Amino acid sequence: MREETDPTYDPGKERSVVIGMGFCANALPGNAAVTDVRDGKIVRIRPLPYDWKYDPEQFNPWEMTARGKSFKPLLKSTLPPYSIGYKKRVYSPNRVRYPLKRVDWDPNGERNPQNRGSSKFERISWDEALDIIVSEIKRVHDTYGPYAILCQGDGHGEDKIVHASHGCNTRLLERMGGYTYQIRNTDSWEGWWWGAKHAWGMEPLGQMSPLNNVMLDMAENTDLILFWGCDPETTPWPWEAQTASRLCYWFSELGIKQTYVCPDANYGTVVHGDQWIPVKPNTDAALQLAIAYQWFKNGTYDKKYLENHAHGVDSFEAYVMGEEDGVPKTPEWASPITGVPTRIIKTLADEWASKRVSIAHSNGGGFIRGPYATEPARLEVLLLAMQGLGKPGVHQVKMFEWGWLGPRLFFDLERTAMPRGLAIPTVGAAYRGFSFLPWNLRFPKQILPKTLVPDAILSPPLKWYSTTMLYMPREDQFKEYVYPVEGCSEIRMVWTDSPSWITCWNCGNRFIEAMRHPSIEFMLAQHPWLENDCLFADIVLPVSTKFELSDIGTGVGSGEYDTIFTEEKCIEPLGESKSDYEIVLMIAERFGLLEEITEGKSVEEWIKYGYDTSGVQDLVSWEELHEKGYFVVPTDEKWKDYPRGLQEFHEDPEGHPLTTPTGKIEFYATGLAENFPDDEERPPVPHYIPHGVSHQESLSHPRAKKYPLLVMSNHPRWSVHSQHEDITWLREIETCKVKGPDGYQYHPLWINAKDAGERGIRKGDIVKLFNDRGGVLCGAYITERIMPGVVGIDHGAKYDPIVPGELDRGGAENTICPSKTTSKNAFGHAVSGFLAQVEKVDLDELHAQYPEAFARPFHPDAGPYIESFLA
Amino acid sequence: MGKVLIIDLAICNGCHNCQVACKDEHVANDWSPIAKPQPDTGQFWNKVINLERGTVPKVQVTYHHSICQHCEDAPCVEACNAHAIYRRPDGIVIIDPEKCRGNQLCLEACPYENVIYFNDDLNIAQKCTFCAHLLDQGWTETRCSDACPTGAFTFGDEDHPQIKEKLAGAELLKPELSTRPRVYYLNLPKKWIAGAVYDSEVDECTQGAVVTATNKETGEKVSTTTDSYGDFWLRDLPDGTYTIRIEKEGYLAQKLGPVDATQKDQNLGDITLWKG
């Protein structure tokens, strides 16, 4: 804080601090903001005006022009509402302010693992907490060896660099002989990663790359953008905010038609959509095949392009036309599966063939996160290829994460899509968490995909393919891994700094079963808030929010200008909280390993190191950065000159081959054919797979008699996964929560009037969404924004167990998602497009049936909070 | 110089930044003498209203905004018997939190909805201040306009050339009143009637059909032509009841109605044309 160094500092005067308000964590920060502070309190959080301390000429403002109209970036960041309202998260009644211990967990006696999630917590001192933690680590190491400790140290959270939200614990345990690492998965784009890579390579994500100047090219050349399972008004917000929204308005102004293909009229559809084609969740593959059928039948595709750019088209054509299985994939075939009328499918096929069409995505959505998501992902690539992918106006475009995650670099100018800067600032080298920087990956001997953690605990041993780490190349998907590794113990202790298994992953109820399993002798959580998996921990340590710390950050990928900033401490830590980094240092100190973790550097020195290695250290001096608090990276004057998207591949496929085995777009995936020739769930030619060995989540499966509705779940509009759930100013928004007659704010379930009527459900009724994996209570939000036969729910709601592992009051629908992964050889999660039923509940009856759960206090505006779970 | 706020509903994406930024500014922050703190929840000096329009698959949402109109002839000023409400030289209407006696006459007098709230704890009426405390510190934006990512909120001096240009096409809420508000709107929602025309015999979308809506009261006609999906949208319709006629060569003309577009937009759904 400035007063430490500045004798003239006046605490009563407002001071303004540039701070990152993105929520990706993992050294991938965004959303530059300004915090005004006075008298040791946060006054406000607001957008960063780029021209606050710089003349715009200093960062070379850019302008895109097309069709006689221009697009200029705003001169300020475009924050999402949870960044602006984040003060409520900092001062939340749910903050953990001191160490907590579960009352009936006795490390020297009964551990009562079966009571995790039911029994409450009591305050203990830091000394007592550290004593227990140190003795438990020693005991587990002595009894089972180091690999018995599982680190859940990844996932999303506050953007912190030196204070590293996630995985700092791995640095300590690595030096103590090893640990089992839960791998940072490809969540939100699993279909691209596990599927599309086999069609077109595109390392590391499986999404189109490079993306240079794709926005400019679309503005000039595209006639129609298909937002296929894409919501540009939701998923870009967490770390890149709202420039995507401005672009969509501009595209409308340019006369570019925007069609949304998704089960829900999502937040983009209802403000930007010229057309909504509702499609049943997880049936996109059937729709895509019918489009391909029309094109093959009518010859309305780019044959010449395929001759030079594609491999195995014949096999695909044989499947589409019915030669392979006797079923031609006609629009008539697809219509009852998808719910899209035959005539609409035909018209869409004709329109697409006659126009220049790009497809937009922004991760998440109903398209890419369901069972067998590999198939629609691959099919999309093939359809784009059939219309000349890479030619002017024909792209796959991502509506955010511009500049993120390139084939060789963590941040890559080739992936900017928007006008690029001279460099992308990155402070990842100062990141004190688990480093998944591609040049710095160090896995321990024993790893686990996040999606398989419950299986590892409940039913070992396991075998699977690929590390599942997002940066691994396609070939890694052919490599087998096992758990437990020979000579390594099974898991006996969990140490989590990202306690959100229940609310964000495949079948949270199975994660709950795993956390309550007797083999887990100790579960240690550290988190700023007592939420979700914390409720199942034995010890919970209080973590400071980033406002309570000094750090460094960047605002990357906003689409306007990239920034780097030093984040001054704004307020004193709440209660006895410490940063994740400080917590690990305290434990390390007790093991005599402090120096090993700090590497001899103070926090200030790590901040400086972040700047020194940022890639923009030649563009701004340390003194200037420190004095102004931020730096805006100037636009590259030559930004328009870079080749557009896959232009080079389009023009010269031999000279610019893809990273597939043939260097071409593989309609027949040679890698899959070689390694998994008999995998019916991910065959060499992409198929429509309604159900199979792994999943029975289709309306055509007998399970649908009991569970006749398909659940469509996207990332949440009003939170980032499980973050932000206690911001009262968001919870009072109509689409965020539904207040029940008992005063509890239930999570909304979108249901069409037709389905609601059939079930006697009226607006605001409390309903149960359930299947054979459990149930969650929700508030009925009756809307025309969801197609009949489908219910919509945002994932990530704060878990509030009525019966842990069975019934939840908070609306955490991930608890009842499929437990199996994408398919038998693909290990992403499948969290949208699954079967369920909905029924109205009698709250009085439930209150009587579960008096203890319903008697727990809750905050009327912030939901379950710390008082709910204290003894 | 008078301040004005212009809200363009056509480019409001519903992010609620304005509503949340208003809370961030005014909840738990005391800006006396301009404003005392706003209650944490339930009151909105700048409220976003979610208007869901149409039915599957023709659905839109318009986000409307309720905010104090800062009227030149503000009924609340007249109504307050404690003389607590005043208009500043820049046109901003302020309820003086020190002078307010909690008589609530302003709530009754205000002709606009969701604008003035009563704070029971403080026993005062409260509402939008155009963030006058910030303007007095040199800010040129209100919190809501500063937080708006799309340009849907424009705040500034009424004489500024860019503001004047925008004001030229702007509308007022309840223009029939003589309150002379300082909040202007662009693209206030007008009703639409939509549908999809197809030939059920061959199951094909019917492109190029002419769809005409006739207002039953005024006789005024509006026409459009169906696109390749057979879709038509008759937009910007005055509230009213309409008859619809759909014509295409080779088909029997189809008459529909009366269609009531007084209260809400109408999706007529799939409409079959029969060969003539």
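## Exercises on a predicted model

Helix α13 (residues 331-338) of chain A packs against helix α14 (residues 342-354) of chain A at an angle of about 115°, their axes 8 Å apart. Here axes are lines fitted to C-alpha atoms over the stretch in contact, and angles run from 0 to 180 degrees between N-to-C directions. Helices (H or I, at least four residues) and strands (E, at least two) are DSSP runs, numbered from the N terminus.

This is a predicted model, where local features need pLDDT of at least 70, side-chain atom pairs count only at pLDDT 80 or more, and totals for chains, interfaces and linings use all residues. Residues are numbered from 1 along each chain as its sequence is written, and chains are lettered from A and ligands numbered from 1 in the order in which they are written.

**Exercise 1.** Work out how β2 and β3 of chain B are arranged.

*Solution.* First, locate β2(B) at residues 46-55 and β3(B) at residues 58-67. Next, follow their antiparallel pairing over 10 bridges; DSSP must find at least two for strands to pair. The two form a hairpin with 2 residues between them. For a spot check, look at B:Arg53, which stands opposite B:Gln60 in β3(B).

Technical notes
Buried ≥ 20, exposed ≤ 12 C-beta atoms within 10 Å, placed from the backbone.
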